[in-house]
Amino acid sequence: MRFDRDFTHWPIGLHKVAEDVYAYVQGNGPYGNAGFSNAGFVVGPEYVVVIDTLGTNSMHDGFIQAIRSVTSLPVGLVIITHHHVDHVLGTHRFMPARVICHRQCRAHIAAGRDTMVQRWRNMRPLLAPDLEEIPVVVPDITFEDRLSIHLGERELQVFHPGLAHTDGDAAVYLPQERVLFTGDLFFNQVCPAAFQGSVKGWMAAVQGLLALDTEVIVPGHGPIADAAALRDMGRYLQLIQEGSEQAFARGLSPEEAFAQMELGSFRQWFDTEHRLLQDIQRVYESLKSPTDSQT
Ligand SMILES: [Zn+2]
């Protein structure tokens, strides 16, 4: 199955971002950018490390083709940045690789393994024909805060920044190459989705990512970027947090806050119309019960 991707305006497909380090970038689909995430991989001396495995069958095919265009080495390790379907459903294609993720990410995948594909098919019927026969793989290695993978001379630092996009996010940082794979801790030119996380926690996570020395940042959605674009997304989160806090204090409903929120150029981002209200609602939930939504 192929989607018309002509309406995207950023370079998609395979990008070499450092020696042996690649990003695989997708454009938009029939539901805006929703479900069309990015992935990456690092070619080691003996095996390939894959970062996220994408959503539908044709996406998996495209990604594997991209890997095979640069190396015939086996994929030995898969790092999953979080449990959302558009980042995990291709994992079975890399078996018998080991699969690493944060403890909470694994818990979500284990809990949803029998239902997550069907739920996505129901939610996104236009993607359903491309979601046939996908067995969900539950990762076998988990970590709490951080771990390092040593691929020859290269180090991949995998770390969890606390509650942000979800409660099980992981980013992958290559300090020598100054490359950062963020998973959905970074949506570039696409409205970030905070429906399962914490906007405030996410703001702190962005500050942590910005403290790293980076040249290239591969977001979970949208085009490859740098720290300036990540800082921009941090400003969006701050705007939503503060705007929602003020609206909440004035007794406005989330819908009223949504109608009044001054977004400026952020309104041009993809999917804002669908996600802004969810993001505001998430802040409202945290203000009503502060204990369960912050790091
Ligand atoms: Zn996500």
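Let's start in the middle of this predicted model. Its largest nonpolar core has 78 residues, and the members that touch the most others are Phe41, Val49, Val50, Val78, Ile79 and Val172. Helix 6 is the biggest contributor to this core, giving six residues.

Setting aside residues within four places in sequence, Val49 is in contact with Phe41, Val42, Gly44, Leu77, Ile79, Ile149, Leu151 and Leu156. Two of the names on that list, Phe41 and Ile79, are also among the core residues with the most contacts to other members.

Now step back to the whole chain. The protein is built from eight helices and 13 strands, and its C-alpha trace spans about 60 × 40 × 35 Å along the principal axes. How does its radius of gyration agree with that of a compact globule? For 295 residues a compact globule would have a value near 19 Å, and the protein has 18 Å, so the two agree. Of the 295 residues, 48% count as buried.

Next, follow the chain to the loop between strand 13 (216-218) and helix 6, where you will find Gly220. By contrast, Glu245 is 25 residues from Gly220 in sequence and lies 27 Å from it in space, C-alpha to C-alpha.

Finally, turn to helix 8, residues 272-288. Its 17 residues reach 24 Å from the first C-alpha to the last, close to the 24 Å expected at 1.5 Å a residue. The buried residues of helix 8 are Arg275, Leu276, Asp279, Ile280, Arg282, Val283 and Ser286. These residues cover an arc of only 155 degrees around the axis, so they sit on the same side of helix 8. The spacing makes sense, because an α-helix has 3.6 residues a turn and residues three or four places apart point the same way. That buried set packs against helix 5 (199-210), helix 6 (227-249) and helix 7 (254-260). On the other side of helix 8, Glu273 and Lys288 are exposed.

Note on methods: Residues are numbered from 1 along each chain as its sequence is written. This is a predicted model: local features need pLDDT of at least 70, side-chain atom pairs count only at pLDDT 80 or more; totals for chains, interfaces and linings use all residues. Helices (H or I, at least four residues) and strands (E, at least two) are DSSP runs, numbered from the N terminus. The expected span of a helix is 1.5 Å times one less than its number of residues. A residue is buried if 20 or more other C-beta atoms lie within 10 Å of its own, exposed if 12 or fewer, and partly exposed in between; C-beta atoms are placed from the backbone. The arc is that of the directions from the helix axis to the C-beta atoms. Two residues are in contact if their C-beta atoms, placed from the backbone, lie within 7 Å. A nonpolar core is a set of buried Ala, Val, Leu, Ile, Met, Phe, Trp, Tyr and Cys residues joined through C-beta atoms within 7 Å. The radius of gyration is taken over C-alpha atoms; the globule rule is 2.2 Å times the number of residues to the power 0.38.
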